[in-house]
Amino acid sequence: MSVRQDSNGKDVATATDTIVIDEAREAFIKGMLDKQKGTGLSEFMRAKLVTEAAKNWDLFYKNNATNFFKDRHWTEREFQELRETGKAEPNSTKLLEIGCGVGNFVFPLLQSNKELFIYACDFSSRAVDHVKASEHYDTTRTLGFVCDITKDDLSATVPAASLDLVSAIYVLSAIPPSKFADTIANIRRVLKPGGIILFRDYGLYDFAQLRFRAENRLDDKFYVRSDGTFTYYFSLEDIATMFEAAGFDVLENVYITKEFVNRKENLRMDRIFVQARLQKRADA
């Protein structure tokens with residue numbers, strides 16, 4: 001177990017390869033998950049949500065524009081591969097961000113690391129439009145494009161086996177689990193041998209998972225939000241199994257935990273995320 005700190009030395013989270021659950025917490029989790037096992041959505045509605053996924057994300061960005069997500073300045077703290085080395089040429093390190101949203105990862109990183117060239121794609125055409133409309137969008141350093149990474153060939157835009165890094169931050173959880181394997185294979189095609197996926201997403205038993213109702217549950221660990229977007233909650237075993245089968249070595253695979261307490265309601269809220277670094281094997 002290790003403690004993550006921000007640039008001021010303040011503890012911000014804990015990294016661990018095991019989630020310790022005492023008897024009281026286990027009973028609470030079981031009770032919340034049992035409540036989700038009631039009558040859920042029909043097969044017709046599930047299929048409809050998958051079909052309308054792009055439309056629902058476009059609506060999300062129409063309603064929230066660039067105001068919903070905060071800039072992700074924490075990524076360089078967590079992933080050393082994103083830090084400027086001071087030794088490489090400008091634009092020499094090639095990175096693809098999948099699920100770029102409106103640029104909260106891309107633009108802060110381009111400002112702090114001149115060695116990066118970033119491809120930025122998203123399922124939502126509206127999100128990519130926001131990226132391209134930004135005053136910080138510079139075509140000499142970044143290329144934004146629309147892509148359904150579950151089926152659109154990334155190598156149609158990004159040269160095959162050309163990338164040093166791929167960032168997958170809160171992205172895979174928004175995809176139906178039946179499409180995980182195809183998505184990972186698509187990413188693998190554009191990574192160099194030895195290239196690394198930087199992964200962060202929602203973890204099993206996260207407080208947000210436990211709050212869902214039966215009508216939101218689509219499958220084990222897989223839910224739909226009220227706005228029609230999806231979310232999946234990963235275990236470390238999920239990550240290792242999926243990526244090792246797809247030709248990756250697991251360099252790091254941990255839970256990131258943060259505990260919040262609502263003193264007014266006497267409510268403990270455990271935020272749980274998974275964080276991993278996954279390297280493409282030379283023979284993959």
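A salt bridge is a side-chain nitrogen of Lys or Arg within 4 Å of a carboxyl oxygen of Asp or Glu. The model is predicted, so local features need pLDDT of at least 70 and side-chain atom pairs count only at pLDDT 80 or more, while totals for chains, interfaces and linings use all residues. Residues are numbered from 1 along each chain as its sequence is written, and side-chain values use heavy atoms, with hydrogens and water left out.

**Exercise 1.** Describe the salt bridge between lysine 30 and aspartate 34.

Solution.
1. The side chains of the two residues meet at 2.9 Å, N to O.
2. Both residues belong to helix 1 (residues 23–35), four residues apart, about one turn of the helix. Helices (H or I, at least four residues) and strands (E, at least two) are DSSP runs, numbered from the N terminus.
3. Accessibility classes are set as follows: buried is under 20% relative accessible area, exposed over 50%, and partly exposed in between (1.4 Å probe, protein chains only). Lysine 30 counts as exposed because its relative accessibility is 52%, and aspartate 34, at 34%, counts as partly exposed.

**Exercise 2.** Determine where the partners lysine 192 and aspartate 164 lie.

Solution.
1. Between lysine 192 and aspartate 164 there is a salt bridge, with the closest N and O atoms 3.0 Å apart.
2. The pair links distant parts of the chain: lysine 192 is in strand 7 (residues 191–202) and aspartate 164 in strand 6 (residues 163–169), 28 residues apart.
3. Lysine 192 is partly exposed at 31% relative accessibility, and aspartate 164 is partly exposed at 22%.

**Exercise 3.** State how many salt bridges the whole structure holds, and which residues join into one network.

Solution.
1. A search of the whole structure gives 10 salt bridges.
2. Through shared partners, Lys30, Asp34 and Lys37 are joined into one network.

**Exercise 4.** Characterise the lining of the second largest pocket.

Solution.
1. On a 1 Å grid over the protein atoms alone, a pocket is an open set of points where a 1.4 Å probe fits, with protein on both sides within 12 Å along at least five of seven lines; lining residues have an atom within 4 Å of a point.
2. The lining has 17 residues, and Ile19, Val20, Thr257, Arg268 and Asp270 lie nearest the centre of the pocket.
3. Strand 12 gives the largest share of the lining, four residues.
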